[in-house]
Amino acid sequence: QGPNREATPLLIIPSRELTPAEAQTLAKNLSDQFTTFVVSSPRPVSSRIFEYVDKLRQAAFASGIRRATVVGWGAGAAAAQALAVVDPKFVRRLVLINAETRVEPTLFSRFIDALERFLPLGLPLRPLSADFDSRPMLHRIRCPSLVVI
């Protein structure tokens, strides 16, 4: 958490590619421009992403954050996308770096992916799995977004 309490809150959701220690260094470097918060809890399984996002929102509200710029890195970007879909008023801006659409896809989800790529029907088989996949919901993200690959 940076010392600048008047600045825009910046919520960083790291993944394997960005360790919590590296995220803390990034937060420290940005603390003169943002009030930074790094999510240090482990990533949830894909079927529990909405519970994870709800707990994340509750923790943010408890810290006095009403709106934030959210940065999701790798699999953390799936949680950032879910947060933007679930609570569009909370996410002021969204930054997705090396974004994934799911946290940890199961073997069944990868099979569904292969089947959907083979059948040119869009994403009709998504409801067969409890795993979160943001692709069918991307059109619901209404905040300014930056995707960096």
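Trainee: What should I know about the model and its numbering?

Mentor: The model is predicted: local features need pLDDT of at least 70, side-chain atom pairs count only at pLDDT 80 or more, and totals for chains, interfaces and linings use all residues. Residues are numbered from 1 along each chain as its sequence is written, and side-chain values use heavy atoms, leaving out hydrogens and water.

Trainee: Which residues of helix 2 are buried?

Mentor: An α-helix has 3.6 residues a turn, so residues three or four places apart point the same way. Helices are DSSP runs (H or I, at least four residues), as are strands (E, at least two), numbered from the N terminus. Buried means under 20% relative accessible area, exposed over 50%, partly exposed in between (1.4 Å probe, protein chains only). In helix 2, Ile49, Tyr52, Val53, Leu56, Arg57 and Ala60 are buried. They cover an arc of only 135° around the axis (directions from the axis to the C-beta atoms), which puts them on the same side of helix 2. Lys55 and Ala62 are exposed on the other side.

Trainee: How is the aromatic pair arranged?

Mentor: A pair of aromatic rings is described by the distance of the centres and the angle of the planes. Rings of Phe, Tyr and Trp (its six-membered ring) pair if their centres lie within 6.5 Å; planes under 30 degrees apart are stacked, over 60 edge-to-face, the rest tilted. The count is one aromatic pair. The rings of Phe61 and Phe90 have centres 5.9 Å apart and planes at 90°, so the pair is edge-to-face.
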